Amino acid sequence: MDILETVLVRNNLLVAFALVGATIWISYLVANRFTAGRIHGSAIAITLGLVAAYWGGVTTGGTRGVADIAVLGGIGLMGGGMLRDFAIVSTAFGVKFSELKKAGIAGVISIFAGVLVSFVVGAAVAILFGYTNAIDITTIAAGAVTYIVGPVTGEAIGASEAVITLSVAAGLVKSILVMTGTPLVAKYIGLDNPQSAMVFGGLMGTTSGVAAGLAATDPKLVPYGAMTATFYTGVGCLLGPSVLYFMVDSIF
Amino acid sequence: MLIPFPVELDLGIESVSTELTYKPAVPVKPLSPQVACAETTEIAACRDLGGYLPKLHYRLAHHIITAPVPAAAPVKGTRIMIVYGVALLSVCLLLGMFIGEVLGVLLGVEANVGGVGIAMLFLVMASNSSRFKALTEGAAGSGIQFWSAMYIPIVVAMAAQQDVAGATEGGLLAVTAGVAAVIVSFALVPVFSKIGKSSNADSTQTTGGSDA
């Protein structure tokens, strides 16, 4: 048993490949057999991943889902930032430049609008829950932008540890909801062409949420959504501790 | 070593289909293109492979004849390898990440500003340009397509390492803020898609995906 574990831990990236492969195989089987293809196989696989992550987080008490379990450490590398970005960029292969230009302006507008809208909604919820301090409201609102913008903003304007944790949690909820909710609402919001995918990426902004949400909806849309989504966090970090904070501060 | 290849010789008055053989002066290894000159008793053939020219030049008596490279011979592209595409992809991402970091520093932001998006632009430009053909076509292209096909598995692994437990521990405030932000953003997708379309109303794409 010890020998087996040593082998698995030492080759944990291969364990990840095998496990993810098996997960996807089962997911597509379930999608075809039981939902007659109505639910995308990758949507089921991503949901299974999230369920596993919840289980991993609860059992280990860590913050990296199943990747905190030694044998499954390879999941951390396979799904980590480096390979994720590598795979995202590769989806742009074969994309026509003209397609990007078509929705270019709408994409840029949607990035700024997306940051602003999520921030305002987050701020409103914070006020609704009784927060009256400008720093607290700004930090929680920035968390509703993404779980990176939240702590970056909070630390810049001197928010308390507890509020920063809250903002990260709000960002995580958003990211997970985009992952699982996108394939369900895609039909109703017209998410079926490159242009609306770019707008979608700009409005949602959470890179992991958009990456997974579009993968589960239509993998052909991934490059367009990811293209705008990757600018979102940067714009959020730019506006959060500055313009948006001053805005909130002037009101409270 | 004599290599046979079929040719069609256009002699001006008539064309002749025949099979010729040539003996490379320099030993030619299969799949390794290099300049090789061949001579038979009746014909001299010289192939210019250094620049991947897909033509053979024959000299028959006083005629100089150009014919396509026979399929059996080493053809263009054999030097292109999968790793070239992977290397191109890596360079695109590294460059994009670097520019994103520099942008972050310039803007005074503690984040990478659009590094991945910039990298994607580089890849789109490279795959649409003829200058980078050797890095994006054939085998090299499949080196990029492999990672593209690994996208969903990587996203599943990404989902499996999200801090889902942390999200649920944030309590009602975090859940409400996250859910509300997503619902409002979802609702705005069709609105902004329309803005994009009306600003492009003059171009040809008016009916494309409007019947959603």
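**Close-ups of a predicted two-chain model**

**View 1. Helix H5 of chain B is mostly covered, with 9 of its 9 residues buried.** Buried here means under 20% relative accessible area, exposed means over 50%, and partly exposed lies in between (1.4 Å probe, protein chains only). Among the buried residues of H5(B) are Tyr151(B), Pro153(B), Val156(B) and Met158(B). Helices are DSSP runs (H or I, at least four residues), and strands are E runs of at least two, numbered from the N terminus. This is a predicted model, where local features need pLDDT of at least 70, side-chain atom pairs count only at pLDDT 80 or more, and totals for chains, interfaces and linings use all residues. Residues are numbered from 1 along each chain as its sequence is written, chains are lettered from A and ligands numbered from 1 in the order in which they are written, and side-chain values use heavy atoms, leaving out hydrogens and water.

**View 2. Helix H4 (residues 138-149) of chain B packs with H5 (residues 151-159) of chain B at an angle of about 40°.** Their axes are 4 Å apart; these are lines fitted to C-alpha atoms, for helices over the stretch in contact, and angles run from 0 to 180 degrees between N-to-C directions. Which residues of H4(B) meet H5(B)? They are Trp147(B), Ser148(B) and Ala149(B), facing Tyr151(B), Ile152(B), Pro153(B) and Ile154(B). Contact means heavy atoms within 4.5 Å.

**View 3. Arg84(A) and Asp85(A) join their side chains in a salt bridge (3.1 Å, N to O).** That term covers a side-chain nitrogen of Lys or Arg within 4 Å of a carboxyl oxygen of Asp or Glu. Both Arg84(A) and Asp85(A) are buried.

**View 4. Lys220(A) pairs up with Asp218(A) in another salt bridge, the closest N and O atoms being 4.0 Å apart.** Lys220(A) counts as exposed, at 66% relative accessibility, while Asp218(A) is partly exposed at 22%. Over all chains, the count is 3 salt bridges.

**View 5. Here chain B meets chain A, with 74 residues of chain B in contact with 96 residues of chain A.** About 7300 Å² is buried between chain B and chain A, and carbon and sulfur atoms give 80% of that. Buried area is the accessible area (1.4 Å probe) that two parts lose on being put together, summed over both. How many salt bridges are there between chain B and chain A? The count is 0.
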